[in-house]
Amino acid sequence: MPIMTIKDVEKLQTAINDAGLDYDVELTNGRISIVGPSDVVSSEIGILFSRLLANWVYPCRLGRVFDSAGGFILPDSNLTAPDVSFVSAARLRQSPGYFGELVPDLVVEIKSQSDRIKTLKNKILNLIKLGAIIGILIDPDEETVTVYRSQGEAIVFHNGDILTLPELFPGWEVPISELWPPIFTEEEIQG
């Protein structure tokens, strides 16, 4: 199989979009991966995490938050789109009209039903090796949030714990329980 390039990814993504399909494309070591829509639980968690993060980042003018459609060309020529990512204002003063050509400071992967934890963990660890400061793996099945850094052991957070990332977001605190999609009570839906 021939080695694929960013230009090949762009052509394929255009063809997919022109066909009206909802798939994202990533490039890893010359191989193209097509990523379909995620399940609704992981999608909702992505929105919840993004909202909580963006509500802190933008008023403090710390940088930019991206969703799973935001692609980044990495120093190893791969193209990736984490489920949620953050780049500090100092590193990205203005969003380009193209892929970001850098490693995000924060990368977040959210396990969907079709994902494997080992694959997501390896993706995060590779991004940290390339320069990400923090990587987060959210597992809705286990209701855990695992935080990876370049130094030290991974830290696993559970319900009842508070997530903090002081090296990127001083003062930001998120109760882990706020990341899970709510279950609405009968009283709430009766209104």
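Student: What percentage of the 191 residues in the protein chain do buried residues make up?

Tutor: The model is a predicted one. A residue counts as buried when its relative accessible area is under 20%. Of the 191 residues in the protein chain, the buried share is 41%.

Student: What radius of gyration does the protein chain have, and which value would a compact globule have?

Tutor: The C-alpha atoms occupy a box of roughly 55 × 40 × 30 Å along the principal axes. For 191 residues, a compact globule would have a radius of gyration near 16 Å, and the value for the protein chain agrees with this: 17 Å.

Student: How many helices and strands does the protein chain have, and what is the strand order in the open sheet of 6 strands?

Tutor: The protein chain has 4 helices and 12 strands. An open sheet takes in 6 strands with mixed pairing, and its order is S3-S6-S7-S8-S9-S10.

Student: Which are the edge strands of this sheet?

Tutor: An edge strand pairs on one side only. From one strand to the next, the twist averages 15 degrees. The edge strands are S3 (63-66) and S10 (155-157).

Student: Which residue in S10 stands opposite Thr 146?

Tutor: Strand S9, residues 144-149, runs antiparallel to S10, and 3 bridges join the two. Strands of a sheet pair through backbone hydrogen bonds, either parallel or antiparallel. Opposite Thr 146, the residue in S10 is Val 156.

Student: Which strands does helix H2 lie across, and at what angle does helix H2 run to S3?

Tutor: Helix H2 comprises residues 40-60. The strands that helix H2 lies across are S3, S6 (84-88), S7 (106-110) and S8 (134-139), and its angle to S3 is about 170 degrees.

Student: Which strands does helix H3 touch, and what angle does its direction make with that of S8?

Tutor: Helix H3, residues 117-130, packs on the sheet. It touches S7, S8 and S9, and its direction makes with that of S8 an angle of about 165 degrees.

Student: Why does Ser 50 count as buried?

Tutor: Ser 50 is found in helix H2. The cut-off for a buried residue is under 20% relative accessible area. Ser 50 counts as buried because its relative accessibility is 15%.

Student: Which residues is Ser 50 in contact with, leaving aside its neighbours within four places in sequence?

Tutor: A polar atom of the Ser 50 side chain lies 2.7 Å from the backbone oxygen of Gly 46. With neighbours within four places in sequence left aside, the residues in contact with Ser 50 are Val 65 and Val 84.

Note on methods. Residues numbered from 1 in each chain as written. Predicted model: local features only at pLDDT ≥ 70, side-chain atom pairs only at ≥ 80, totals over all residues. Heavy atoms only, no water. Pairing = 2+ DSSP bridges. Axes fitted to C-alpha atoms, helices over the stretch in contact; angles between N-to-C directions. Contact = heavy atoms within 4.5 Å. Buried < 20%, exposed > 50% of the residue type's maximum accessible area, 1.4 Å probe, protein only. Polar contact = N/O pair within 3.5 Å; in protein donor to acceptor, adjacent residues only side chain to side chain. Rg over C-alpha atoms; globule rule 2.2 N^0.38 Å.
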